[in-house]
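Colleague: I am new to reading structures like this one. Could we go through it one feature at a time?

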Amino acid sequence: HGAVLAAVCADAVDSDPGQELECGGPEIFSQREIGELAFAALKDRSPKCTGVPFWVMDWLVLPLLRLFARRTWNPLAMVTTLAKSDAIAPRFGHRRLKDFFEEAARQLAGGG
């Protein structure tokens with residue numbers, strides 16, 4: 001959440017400029033779980049999370065996209081690379097991802 005990240009940044013103002021800060025939320029999710037939470041917040045849409053084995057992406061999809069759809073290849077190659085590693089930071093804060101998605105869904109629906 002932006003407010004939590006702002007607090008972490010404000011606390012780090014006087015720290016070493018080269019210091020890397022790690023800040024996670026109070027919960028840990030897989031990428032699939034994050035997608036499912038996002039779709040659950042939309043309520044009127046069913047989840048559309050599809051898993052593709054990494055070997056299919058590396059040996060078939062990405063090489064074909066690199067040849068025929070360069071604009072699509074770049075972001076998909078980045079997402080594939082990021083999906084191969086965990087991105088778990090120390091738990092921090094109390095704001096839950098589910099609540100964030102539900103608030104974002106209300107705003108999208110015009111409910112403020």
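Colleague: Is the crossing of helix 3 and helix 4 left-handed or right-handed?

Modeller: The crossing of helix 3 and helix 4 is left-handed. A crossing is left-handed if the near helix is turned anticlockwise from the far one by less than a right angle, and right-handed if clockwise. Helices here (H or I, at least four residues) are DSSP runs, numbered from the N terminus. This is a predicted model, where local features need pLDDT of at least 70, side-chain atom pairs count only at pLDDT 80 or more, and totals for chains, interfaces and linings use all residues. Residues are numbered from 1 along each chain as its sequence is written, and side-chain values use heavy atoms, with hydrogens and water left out.

Colleague: At roughly what angle do the axes of helix 3 and helix 4 cross?

Modeller: Axes are lines fitted to C-alpha atoms, for helices over the stretch in contact, and angles run from 0 to 180 degrees between N-to-C directions. The axes of helix 3 (residues 54-68) and helix 4 (residues 70-83) cross at roughly 160° and come within 8 Å. Helix 3 is therefore roughly antiparallel to helix 4 (under 35 degrees is roughly parallel, over 145 roughly antiparallel, 65 to 115 roughly perpendicular, the rest oblique). Residues of helix 3 including Phe-54, Val-61 and Leu-65 meet residues of helix 4, among them Trp-73, Leu-76 and Thr-80. Contact means heavy atoms within 4.5 Å.

Colleague: How do helix 2 and helix 5 cross?

Modeller: The axes of helix 2 (residues 31-42) and helix 5 (residues 97-108) come within 8 Å and cross at roughly 40°, so helix 2 is oblique to helix 5. Helix 2 passes helix 5 in a right-handed crossing. The contact involves Ile-34, Leu-37, Ala-38, Ala-41 and Leu-42 from helix 2, and Leu-97, Lys-98, Phe-101, Glu-102 and Ala-105 from helix 5.

**Rings**

Colleague: How many aromatic pairs does a search of the whole structure find?

Modeller: Rings of Phe, Tyr and Trp (its six-membered ring) pair if their centres lie within 6.5 Å; planes under 30 degrees apart count as stacked, over 60 as edge-to-face and the rest as tilted. Searching the whole structure gives one aromatic pair. Phe-100 and Phe-101 form this tilted pair, with 5.9 Å centre to centre and 55° between the planes.

Colleague: What sits over the ring of Trp-73?

Modeller: A charge sits over a ring if NZ of Lys or CZ of Arg is within 6 Å of the ring centre and within 35 degrees of the ring normal. Over the ring of Trp-73 is the charged end of Arg-66, 4.5 Å from the ring centre.

**Exposure and distance**

Colleague: Is Phe-101 buried or exposed?

Modeller: Phe-101 is buried because its relative accessibility is 18% (buried is under 20% relative accessible area, exposed over 50%, partly exposed in between, with a 1.4 Å probe and protein chains only). Phe-100 has a relative accessible area of 43% and is partly exposed.

Colleague: How far apart in space are Gly-35 and Cys-49?

Modeller: Gly-35 and Cys-49 are 6.7 Å apart in space, C-alpha to C-alpha, and 14 residues apart in sequence. Gly-35 lies in helix 2 and is buried at 18% relative accessibility. Thr-81 of helix 4 is exposed at 55%.

Key. Helix = DSSP H or I, 4+ residues; strand = E, 2+ residues; numbered from the N terminus.
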